Each structure stands twice: as C-alpha cells, then as structure tokens.
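Please go through the points below with the model open.

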Amino acid sequence: MGGPPTIDGAFARWLAARAGQALMNLRAELGFADPGALKSAGDKVSHDLIRTELAKWRPADAVLSEEDEGSRLAWTAEVAGDAMSRRTADRVWIIDPLDGTREFAEEGRSDWAVHVALWARNAPTPHGLVAGAVALPAQQRVLATDYPPAYPPMTVEAAASGGGRTIRLAASRSRPPVFLTDLAEDVGAHLVPMGSAGAKIAAVVTGEVDAYLHAGGQYEWDSAAPVAVATAVGLHASRIDGSALKYNEADPRLPDLLVCRKDLASRLVAALRRHSG
C-alpha cells in the first residue's frame, strides 16, 4: 500500500481530508448531547492524527499546532526550546486541527474546518506559505494550493448592483469587531455571519462573499492555511492596515487580517483606517 502524495500541496490536501473524515466519524459516533465533550474529543482526535502523520511522513519538519502544549506561549522562556526549533527550521507545518469547535459541536452546522499549511524559509512571498489546505468536511470539499480554485466571480448581489455594488462581507457570528457595523455602512456592505475563520475565507475563495476581515485576536494557525489558498487563487490577503501577513514568528499571535477580491482591497483598507483606529 502506497503512502500519501509527495508534493507538499497534495500532501496538505490529503492530510486535511483525513483529519476531516475522522472528525465526521467522531460526530456520528458521539452525537451532540454533550457539546463540551464533543469539542474536546474533536480537538484531540484531529490533532493526534495530523501529528502522527507528520511525524511519519515529514519527520524533519517542525510543527506549530493550536493543540500543542504551550503553543500560545511559544515565545516565552518556559518553552524557548520549542520556539527555537520552530524559528530555526527551514520548514514548519502550521495547523489548526479543528477550526470552529463551537460550530463542530452544533448539529447541522457545516461552517467548521481543518487547516494544514506549510511555511518555508526560502518562500518567494512575504507570508512564507508555500502549501496549504482547508478541509470543510461537513460541506464535503477541500480547498488546497495544489489545485486552487479559479479566481471567484462577484457575488450575484454584487454583480447585479453595478458600480455601486453591495459588498458581501463575512463576519464572525460570535466575535465581530466592534467597528464592523459602522465600516459596513461606510462601504455599503452586507454582513454575512459565519463560523470559523477557515469557513469565512473559503467563502471568499469560492465567491460566496467578497471579503472577510477580522480584528481582535487570532493566532497564526487560524489563518495560515486559508491565506495560503486565498493567495494561490490570486486574492488579496494582508493585515487590516494593508501590511504583509507574516508566519512562523516568535509570537504566534496574528490578531487581524483582511482577505478580499483585489479590486476591493484599497477601498476596504482605507475604510479600515477610518474605523479601526
């Protein structure tokens, strides 16, 4: 029996899909009576599977996972050894085994994801991401850099309203930025509440919405894989001030980002400067 694909983008797709299937099986096995137990089990099952496969098939690479002990403190003295190995490595897998645990534990919700991304020191792009995959298991699809989707069409609503079109803006259903309503009114945007960051960026990639912005706290694993796919498609991805996203930093906190159609980037960045200060 052969192993997984050797090309990194295809390997990321394979790994995210395997973890996604394990999560779907777990949902079916445990049900939704105890959301807390389902969330905890989901994080562990996916993390353990991804970690095991990376150790087997990419043993020389470093890993940054949301579920690694101390991952949110990776720049402190207490875990300096782990931080150093990651910071000096040439290749680092940045993974979120279960993005959107709240949605995963709610029956009928499909806006949760598995993120698998690869950062490389010799990458030609500022963000350093060279491969990535976002599995949306409950939607039965995986978006990945090996075969990125075509550049998304404008949403039907946006296309219908011409030059002054309404922008469909994906927003967190639980933690939207405090300034989001004012910004949406400023640019004429319609807010579309969704769950995980991966599901929201995937919606930009597929053209279901035109943009996604977040401010107020995230980590590298929340956005690495979706950003890898979005930029492979040709979309704009940056911090909300327009500066470059950077990964495998000493401090893995990456609190804000903007992913959108390139034709909307300057307009949204200008609006963000007016409202997010």
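Two strands pair if DSSP finds at least two bridges between them. Helices (H or I, at least four residues) and strands (E, at least two) are DSSP runs, numbered from the N terminus.

This is a predicted model, in which local features need pLDDT of at least 70 and side-chain atom pairs count only at pLDDT 80 or more, while totals for chains, interfaces and linings use all residues. Residues are numbered from 1 along each chain as its sequence is written, and side-chain values use heavy atoms, with hydrogens and water left out.

1. Strands 2 and 3. In strand 3, Leu-118 is the bridge partner of Trp-93. Strand 2 and strand 3 are antiparallel and share seven bridges. Eight of the nine residues of strand 2 are buried (buried means under 20% relative accessible area, exposed over 50%, partly exposed in between; 1.4 Å probe, protein chains only).

2. Strand 1. Strand 1 (residues 62-65) runs parallel to strand 2 (residues 91-99), with four bridges joining them. Ala-62 sits opposite Val-92, and Leu-64 opposite Ile-94. In a regular strand the side chains alternate between the two faces of the sheet. Strand 1 has Ala-62 and Leu-64 pointing one way, Val-63 and Ser-65 the other. All four are buried.

3. Domains. Domain 1 covers 8-144 and domain 2 covers 156-276; the bounds come from an automatic or database domain assignment. Their C-alpha centres are 21 Å apart. In domain 1, 37 residues are in contact with 33 residues of domain 2 (contact means heavy atoms within 4.5 Å).

4. Area between the domains. Domain 1 and domain 2 bury about 2,700 Å² between them. Carbon and sulfur atoms account for 62% of it. Buried area here is the accessible area (1.4 Å probe) that two parts lose on being put together, summed over both.

5. How many salt bridges are counted between domain 1 and domain 2? The count is one (a side-chain nitrogen of Lys or Arg within 4 Å of a carboxyl oxygen of Asp or Glu). Glu-208 and Arg-141 form a salt bridge, their closest N and O atoms 3.0 Å apart. Strand 4 gives the most to the side of domain 1 that touches domain 2, with six residues.

6. Positive phi. Two residues deserve a look. Gln-140 is not a glycine, yet its phi is positive, about 60 degrees. Gln-140 is in the loop between strand 4 and strand 5 and is exposed, at 76% relative accessibility. Asn-248 also has a positive phi, near 55 degrees. Asn-248 lies in the loop between strand 9 (236-238) and strand 10 (256-260). Is Asn-248 buried or exposed? Asn-248 is buried, at 1% relative accessibility.

7. Pro-148. This residue is in the loop between strand 5 and helix 5 (156-160). Pro-148 is partly exposed, at 31%, and touches Ala-232 and Val-233, residues up to four places away in sequence not being counted.

8. Salt bridges overall. The whole structure has 14 salt bridges. One of them joins Asp-68 and Arg-51, at 2.9 Å from N to O. Asp-68 is in the loop between strand 1 and helix 3 and Arg-51 is in helix 2 (residues 35-57), so the pair ties together parts 17 residues apart in sequence. Asp-68 is buried at 16%; Arg-51 is partly exposed at 31%.

9. A longer link in sequence terms. Arg-274 and Asp-186 form a salt bridge, with the closest N and O atoms 2.9 Å apart. Arg-274 is in helix 9 (residues 262-275) and Asp-186 in helix 6 (residues 180-187), so parts 88 residues apart in sequence are tied together. Arg-274 is exposed at 54%, and Asp-186 is partly exposed at 36%.

10. A network. Salt bridges link Asp-8, Arg-58, Asp-61 and Arg-91 in a network.
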